[in-house]
Amino acid sequence: MNFIRGVIGGQAPGPQPSGAETIQKLCDRVASSTLLEDRRDAVRALKSLSKKYRMEVGTQAMDHLINILQTDRSDSEILGYALDTLYNIICNDEEEEQDESEDAVTPVPLSGKHKNVSVPDETIQKQADDLGAQFTETLIQDPEHVTLLLTVLEEFDFHVRWPGVKLLTALLKNQGVQVQGIILVSPMGVSRLMDLLADSREVIRNDGLLLLQQLTKGNAAIQKIVAFENAFERLLDIITEEGSSDGGIVVEDCLLLLLNLLKNNSSNQNFFKEGSYIQRMKPWFEVGDDNSGWSAQKVTNLHLMLQLVRVMVSPVNSPGATSSCQKSMFQCGLLQQLCTILMATGVPADILTETINTVSEVIRGSQVNQDYFASVNAPSNPPRPAIVVLLMSMVNERQPFVLRCAVLYCFQCFLSKNQKGQGEIVATLLPSTIDANSISAGQLLCGGLFSADSLSNWCAAVALAHALQDNLTQKEQLLRVQLATSLGKPPVSLLQQCTNILSQGSKVQTRVGLLMLLCTWISNCPIAVTHFLHNQENVPFLTAQISENLGEDERLVQGLCALLLGICIYYNDNSLENYTKEKLKQLIEKRIGKENFVEKLGFITKHELYSRAAQKPQPVFPSPEQMLFDHEFTRLVKELEGVITKAVHKSSEEEKKEEEVKKTLEQHDNIVTQYKDLIREQDAQIQELKEQVASMSSQNEQMQATVTQQLSQIQQHKDQYNILKLKLGKDNQSQSCSQGDGSQVNGLQTEELTQLKEEVEELRKQHALLQTLLKDKDALIDSLRLEAAQPVEASARGSENTELLKELEVLRSQSQSQSVEIDQLKTEKQELVRKAEAGSSDTVPSSAGSLDTAKLAELESRLTAQTTETQRLKEETKSLVKSRADLEQQLASATSTVAILQTEKSKLQTEVQESKKEQDDLLMLLADQDQKIHSLKLKLKDLGETVEDEDDLDTRDQTDDDDEDEDDDED
């Protein structure tokens, strides 16, 4: 303990131990001390020595420090010291090593070691890097050590978590691939690291961002896991909290992590788009009117934000994903916001350049976005299209080189797969559309094409070539363009002016640009080839350029001249007698030689700048002098080099055979096309007929179902009718019995009984009438089945039903009157009861009281009988009402049946009439036939032929029959 205090407190007198010896003693103390305080002090001393004596601490103390992490988990202070010590020996960052913690310890001086060593800084840094890589490799030899560090990160204590984050970051910097593999297979490894973003302490959260940057570098699997751990939401929230583009270094770290997650990772890009995170990028690019005085950090942040947009719409992504992102960016207004930055004033040059590149890739190949970009105007007076303003920058030699390259790329992307835009650009060059009062895109391109600046020549030539890319119509339209070279001279075509500048021997960059334009223009356009060959000076110039032995700088021009001449051969339609395919090949063989021609043609692809331009569409060049090839032109060369070589070596006989084969194939293709069209028409007709058959089948099924349903309804109505007949018969019998009993019970009420008998008689009559009506209905239904009934009968029965309804209403009113009478009788009964009670309360009974009691009993019996009879009549009335409703339903069904049968009758009558017409027609035909046969028989008779009439035949048949009968009798 005193030794450690001596190390920390100061130097003791006497000889001082060396650094290695001190570290060895400290390691022994860590390994052997039983007191936690002693171990803590020893580890603290190792931490203080670990920066200066990195090698010694790393080789001697690493195992002891890892053991501390495993055994002393309960003490956060010793854990923090151990993690800081490991970080010091593994970290290679000099700036990080300069940071001193609050518990810094004065190092022990060594005897001359590490003193006054004059080694170059690069060598020192290289040695430090090697040392950190070695210690990292030693630490991760056991994957459990990395898993242990991930477990330590779960500690919330700041002095443990923060050095743990820094240590893992250093491990990833030194041995990224190996550490990534260990974390990937560790359970919940990535999830533990993602929890750092939710830490409320900004220092840990910010260092967690740096850790995730290192973790996600070049590992698609980890990138996907981090993305699905809700990383996009958390990072965008942090960017918003920190102030978006106005934020500090934290925003930059978030953007770098987002770039790691999205770049070249189609799964994460799709997740980012589907999660509607593109819409959250729009506020980043909101700029004010005053854009001066941007801080360096804001410029860096905006630059990274623009790169993030470009990652989503990069040409290397799949076309479907790029198109979907472009659509989302237009719909959410992100493209409009970028165009606002594009046209704003005071924006820094590098941000403006990157914005142009970003807008280029957002509109590339997207018709909707390209149309919107074409409609954007610059805030000038008068307003000018944004395309015109950008082209003015491109052909202005005072503009920065990177800005001019960006404008060229934007123009190329605007015309990519945009035939409408190509037509609009070419139209500005045609005589009928030129406006002398305004500057057009075509005028700027022509001005740049023929200016004194070679870079402007090259950019204008490439831009104009993109206006003709894969567009035969615009190639032919551009042949109409005429240029006024000087006063008093006739105008010259644009094609001829390009060849004139070539022949004047301008700079190599200018000639390369013009040759690329001419090759793109006349390729796959026989009319343009004819116009080019029509000038008698063009072919001799090309042959002279190819045949000369020039220096290295001119080799590329010779190769392009050979390509242009080869295109004239391959796409020649032999319309010019002096320059047919065969004559041009003979000219090459005499003046140049076929082998020499092919060799010169190969100079293009062998050029060192060709492969660089072929890698990606964006024109990126270190200097203007290296700006020679265009990406689309390299594709054209790759496509034409082989076919031109074959065309030059072919003989005339082979070409004739090929032409014959081509014609045969064309004829065959035409025939096949005709048959395909015929088959398509027949397929369409068959499909239409199938649909008709299906619809008719469904209609037939519906009709059959309707008929079946109607038949079942008719049968059901018949069954109900039969049941009603039986019920009515039973009701009549019960009524007769009840009336006999009632007469015996109610014999004392003569007047009321007589009245009730009359009402019952009326009800019987009504029942009889209803029975008659039901029989009539039954007969009607039977007759409807046999033949169609007339609508008049249905109306007559409807009137009968109306009368029946009226009679039922009368019965109902009578029943109500009887109910009133019953109520009166009840009141009389109550009065008599009260009188009887009053009489029974007298002390002396009298004969009058006994008479009242007898009368009361008689009235009660009569009232009971009357009530019973009334209840029975009510039930009969209810049954009659129910039967009336059933009869109404039967009448409705019978009416519908009459209508159906009437329809069937009309159909049958129509069929009978049609059959009668057919019979009449047959009779007429038979009559005509008999007349013809008769006339033919007369003719045969006139000619001497024997013709037997039908009567003769009948007589002969009768005679034969008689002979047979006689023979039978004889037998």
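This is a predicted model: local features need pLDDT of at least 70, side-chain atom pairs count only at pLDDT 80 or more; totals for chains, interfaces and linings use all residues.
Student: Which side chain does Glu77 meet in a salt bridge?
Tutor: The partner is Arg40, with an N to O distance of 3.6 Å. The two residues come from distant parts of the chain, Glu77 from helix 5 and Arg40 from helix 3 (residues 36–49), and they are 37 residues apart.

Student: And Arg40, buried or exposed?
Tutor: Arg40 counts as buried, because its relative accessibility is 18% and the buried class lies under 20%.

Student: Which residues are linked with Arg40 in a network of salt bridges?
Tutor: Asp75 and Glu77 are linked with Arg40 in that network.

Student: What about helix 5 itself: how many of its residues are buried?
Tutor: Helix 5 is mostly covered, with 13 of its 15 residues buried.

Student: What span should helix 5 have, and how far apart are its end C-alpha atoms?
Tutor: Helix 5 covers residues 76–90, and its 15 residues should span 21 Å at 1.5 Å a residue. The end C-alpha atoms are 21 Å apart, which agrees with that expectation.

Student: Back to salt bridges. How many are there by the count?
Tutor: The count comes to 20 salt bridges. One of them joins the side chains of Arg310 and Glu354, at 3.0 Å from N to O. Arg310 belongs to helix 17 (residues 296–312) and Glu354 to helix 20 (residues 349–363), so this pair ties together parts that are 44 residues apart in sequence.

Student: Are those two buried or exposed?
Tutor: Arg310 counts as buried at 13% relative accessibility, and Glu354 counts as buried at 9%.

Student: Which residue forms a salt bridge with Arg635?
Tutor: Glu632 does, and the closest N and O atoms are 2.6 Å apart. Both residues lie in helix 37 (residues 631–649), and because they are 3 residues apart there, about one helical turn separates them.

Student: New topic: which residues gather in a patch of negative charge on the surface?
Tutor: Glu911, Glu914, Glu918, Asp920 and Asp921 form that patch.

Student: Where does Asp920 lie?
Tutor: Asp920 is in helix 41 (residues 847–942). At 45% relative accessibility, Asp920 counts as partly exposed, and this value passes the cut-off for patch residues, which is over 30%.

Methods: Residues are numbered from 1 along each chain as its sequence is written. Side-chain values use heavy atoms; hydrogens and water are left out. Patches are made of residues with over 30% relative accessible area and no salt bridge: like charges are joined within 9 Å, nonpolar side chains (Val, Leu, Ile, Met, Phe, Trp, Tyr) within 5 Å. Accessible areas come from the Shrake-Rupley method with a 1.4 Å probe; for residues, only the protein chains shown count as cover. A salt bridge is a side-chain nitrogen of Lys or Arg within 4 Å of a carboxyl oxygen of Asp or Glu. Lys and Arg count as positive and Asp and Glu as negative; His and the chain ends are not counted. The place of a charge is taken as NZ of Lys, CZ of Arg, CG of Asp or CD of Glu. Helices (H or I, at least four residues) and strands (E, at least two) are DSSP runs, numbered from the N terminus. Buried means under 20% relative accessible area, exposed over 50%, partly exposed in between (1.4 Å probe, protein chains only). The expected span of a helix is 1.5 Å times one less than its number of residues.
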